[in-house]
Amino acid sequence: MDKSLLQRKPRWTWLIAFTLLGTLAAVGLSFLVHYLLFFGEEINPYQRSLAAALILPVIIATPLLLYIGQASEQLRRFKRDRNFSAAHDPSTEVFNGEMFTTLVERRRAATVSEAGRTFGALLILEAENVRDIAIDYGFSWGEESMRQIASVIRANVRRSDVVGRLNDSEFGVFLPGATVEQARDVGERIRTAITKSRFLAEGEPVELGVDIGGVIFEDQIEFRGLMRIASEQLEMARQSDSDRFRLSAINAMGTRENGESH
């Protein structure tokens, strides 16, 4: 026999029992009210009917509506929490990789210049020592460092920008409509803020930092293409001793211009 049927049976039994008992209680309450009103000598039949019509709905409907309202609110909260969990990274509460990809595609298509071209910037930020923190102090402290970095990132971008966690150590930041200068300013502002932020792991101060690779685009290009170019820039930033933020620009002709920011 299917185990799922056995699991569902108690739920249906409870629902049927609750419905029958509730119905019997309502009928019994109705009989009680009419019984009490029937023996009131000072009340005429019209007054009995009017009193019953007022008392019964209040007694029966009020708790029922309260129960339905509470159940509806719990269901609404459950759906909201479920939708949030499905779209966000549970640790840092920024968008997860799948939702980040979806939102970038939507925002990128909606960002159109006067010339009819889409434009903006995509940055990939990699935490420099999150793996070392996880090894030295434990996984939870590595995640705590990522939460702090995510908080700094969100504090230094616009509400219209999209922030997502791509993997264990990387974040993605999409800046719709951003120019080269704006993207560089945002990237440097984030790097500086993260470097200056105070992080304690088990009471010991630990320096945080990020490497950044990015791409500026001025026309239609697939998300995978943007990610590939930004990842290439991130790899060069990771291998550099001085240039920890590299930015590449794709102009309207499809050619690339590499830039750097110290």
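## A covered strand

Let's start with strand 1, which runs over residues 120–127 and is mostly covered: 8 of its 8 residues are buried. Keep in mind that this is a predicted model.

Which way do the residues of strand 1 point? G120, L122, I124 and E126 go one way, while A121, L123, L125 and A127 go the other way, and all of them are buried.

Strand 1 pairs with strand 3 (residues 170–176) in the antiparallel sense, over 7 bridges. To find this pairing in the structure, look for L125, which stands opposite F171 in strand 3.

Strand 1 also pairs with strand 6 (residues 210–217), again in the antiparallel sense, and here there are 8 bridges. A handy spot to look at is G120, which stands opposite F217 in strand 6.

Now for the surface. W12, W14, L15, I16, F18, L20, L64, L65, Y67 and I68 make a nonpolar patch of about 1100 Å². The elements that give two or more residues to the patch are helix 1 (3–38) and helix 2 (45–87). Which of them gives the largest share? That's helix 1, with 6 residues.

L64 is one of the patch residues, and you'll find L64 in helix 2.

Methods: Residues are numbered from 1 along each chain as its sequence is written. This is a predicted model: local features need pLDDT of at least 70, side-chain atom pairs count only at pLDDT 80 or more; totals for chains, interfaces and linings use all residues. Side-chain values use heavy atoms; hydrogens and water are left out. Buried means under 20% relative accessible area, exposed over 50%, partly exposed in between (1.4 Å probe, protein chains only). Helices (H or I, at least four residues) and strands (E, at least two) are DSSP runs, numbered from the N terminus. Two strands pair if DSSP finds at least two bridges between them. Patches are made of residues with over 30% relative accessible area and no salt bridge: like charges are joined within 9 Å, nonpolar side chains (Val, Leu, Ile, Met, Phe, Trp, Tyr) within 5 Å. Accessible areas come from the Shrake-Rupley method with a 1.4 Å probe; for residues, only the protein chains shown count as cover. A salt bridge is a side-chain nitrogen of Lys or Arg within 4 Å of a carboxyl oxygen of Asp or Glu.
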